[in-house]
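Take this model one contact at a time.

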Amino acid sequence: MTRQRITFENVSVGFDTARGRLNVIDDVSFDIRDREFVSIIGPSGCGKTTLMNVVAGFVQPSSGKVLLDGKPIPGPGPDRGVIFQEYGVFPWLSVKDNIAFGLKLAANRKNAKERDEICQRYMQLMGLSDFADAWPHTISGGMRQRLALARAYAVSPEFLLMDEPFGALDAQTRSAMQDLLLKVLQTEGKTVMLITHSVEEALYLSSRIVIMTARPTRIREIVTVPFAYPREESLHESKEFGELRSHIRECVMQEYAAQAQQRAAFAE
Ligand SMILES: Nc1ncnc2c1ncn2[C@@H]1O[C@H](COP(=O)(O)OP(=O)(O)OP(=O)(O)O)[C@@H](O)[C@H]1O
């Protein structure tokens, strides 16, 4: 069995809010092993982003610990590429300079020639070559998201932490970006944590799927995805894929219902 890279040990997270203490994560333990692709799925607002923010180093657990290669996480670092659904690009830099940004930082420094080659490669992969000098606000939302992906992939981090990275894309681009991600992983081997609302996406990409409960979120079930890589589009049509999809959808729907009930009770 491969080594553990990200370890959650009895992690709980709560926030002090104007309405009192909000317990978001409740005693979560699991691990992500080397080169695993683990998706996190669960009802909206249950605490998925918070879970990822702890790994990214943006949030500290209230109790328990999260370890990266066996060590506590002191804060954000260049070993972890974080991709959010929004705000992934710097509006004051051109498309090309956005991609080059991380390659100028001390941790990943590349010389000008290497930088240029990497930028060209990712602009081409993401269909952005004709927009190298464009400002982010002049390109479409889907293109901005592809730019955010290009920026994260370009620095080649060991870990990819992705929060709904394809959520804003149209169906066709989304599917192309999923396949591209699998291709990048095949050649560059990374350890991935992905948050998604799409059961289809989680099943197509992941080696395991962690289904979270309503808030305060716990692990409801961890599903091992039995399909070998590389994966092909036709997988979506297979009987086993369909059965797993139904099972996970059912779990997630139940947790959505539980969360909606809690909200209603809270509002009373
Ligand atoms: N820094 C914070 N201070 C106070 N409350 C917070 C903070 N961060 C998150 N929360 C609250 O914690 C809860 C969980 O938020 P989180 O973004 O982790 O959920 P999520 O499962 O990722 O949601 P979604 O699927 O809608 O993106 C929400 O009620 C949110 O308002």
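Begin where two helices touch. In α2, Val95, Asn98, Ile99 and Leu103 meet Leu147, Ala150, Arg151 and Ala154 of α4. By class, this contact of α2 with α4 has six nonpolar residues, one polar and one charged. The model is predicted, so local features are taken only where pLDDT is at least 70.

Now the geometry of that pair. Two packed helices are described by the angle between their axes and the distance between the axes. Helix α2 covers residues 95-104, and its axis runs 8 Å from that of α4. The angle between α2 and α4 is about 25°. Angles under 35 degrees count as roughly parallel, and α2 is therefore roughly parallel to α4. The crossing of α2 past α4 is right-handed.

Stay with α2 and turn to its contact with α3. Helix α3 spans residues 112-125. The axes of α2 and α3 come within 9 Å and cross at roughly 130°. That angle makes α2 and α3 oblique to each other. Here too the crossing is right-handed, with α2 passing α3.

Which residues in α2 meet α3? They are Val95, Lys96, Ile99, Ala100, Leu103 and Lys104. On the α3 side, the partners are Arg115, Asp116, Ile118, Cys119, Gln120 and Met123. The contact of α2 with α3 divides by class into seven nonpolar, one polar and four charged residues.

Next, follow α4 to another partner. Helix α4 runs over residues 141-154, and helix α5 over residues 171-188. They pack at an angle of about 5°, with axes 12 Å apart. That is why α4 and α5 are roughly parallel to each other. From α4, the contact uses Arg146, Leu149 and Tyr153. From α5, it uses Thr173, Met177, Leu181, Val184 and Glu188. Five residues of this contact of α4 with α5 are nonpolar, one is polar and two are charged.

How many residues surround the ligand? There are 14, and the closest are Ser44, Gly45, Lys48, Thr49 and Thr50. For lysine 48, an N or O atom of the side chain is 2.8 Å from an oxygen atom of the ligand. For threonine 49, the corresponding distance from a side-chain N or O atom to a ligand oxygen is 2.7 Å. Histidine 197 also takes part, with a side-chain N or O atom 2.9 Å from an oxygen atom of the ligand.

Finish with the backbone. Proline 216 sits in the loop between β9 (208-212) and β10 (219-224). A cis peptide bond also joins tyrosine 229 and proline 230, where omega is about -5°. Proline 230 belongs to the loop between β10 and α7 (239-267).

One more spot deserves a look. Arginine 35 lies in the loop between β2 (20-33) and β3 (37-41). Its phi is near 65°, a positive value in a residue other than glycine.

How values were computed. Residues numbered from 1 in each chain as written. Predicted model: local features only at pLDDT ≥ 70, side-chain atom pairs only at ≥ 80, totals over all residues. Heavy atoms only, no water. Axes fitted to C-alpha atoms, helices over the stretch in contact; angles between N-to-C directions. Helix = DSSP H or I, 4+ residues; strand = E, 2+ residues; numbered from the N terminus. Parallel < 35°, antiparallel > 145°, perpendicular 65-115°, else oblique. Contact = heavy atoms within 4.5 Å. Nonpolar A, V, L, I, M, F, W, Y, C, P; charged D, E, K, R; others polar. Left-handed = near helix turned anticlockwise from the far one by under 90°. Near = heavy atom within 4 Å. Polar contact = N/O pair within 3.5 Å; in protein donor to acceptor, adjacent residues only side chain to side chain.
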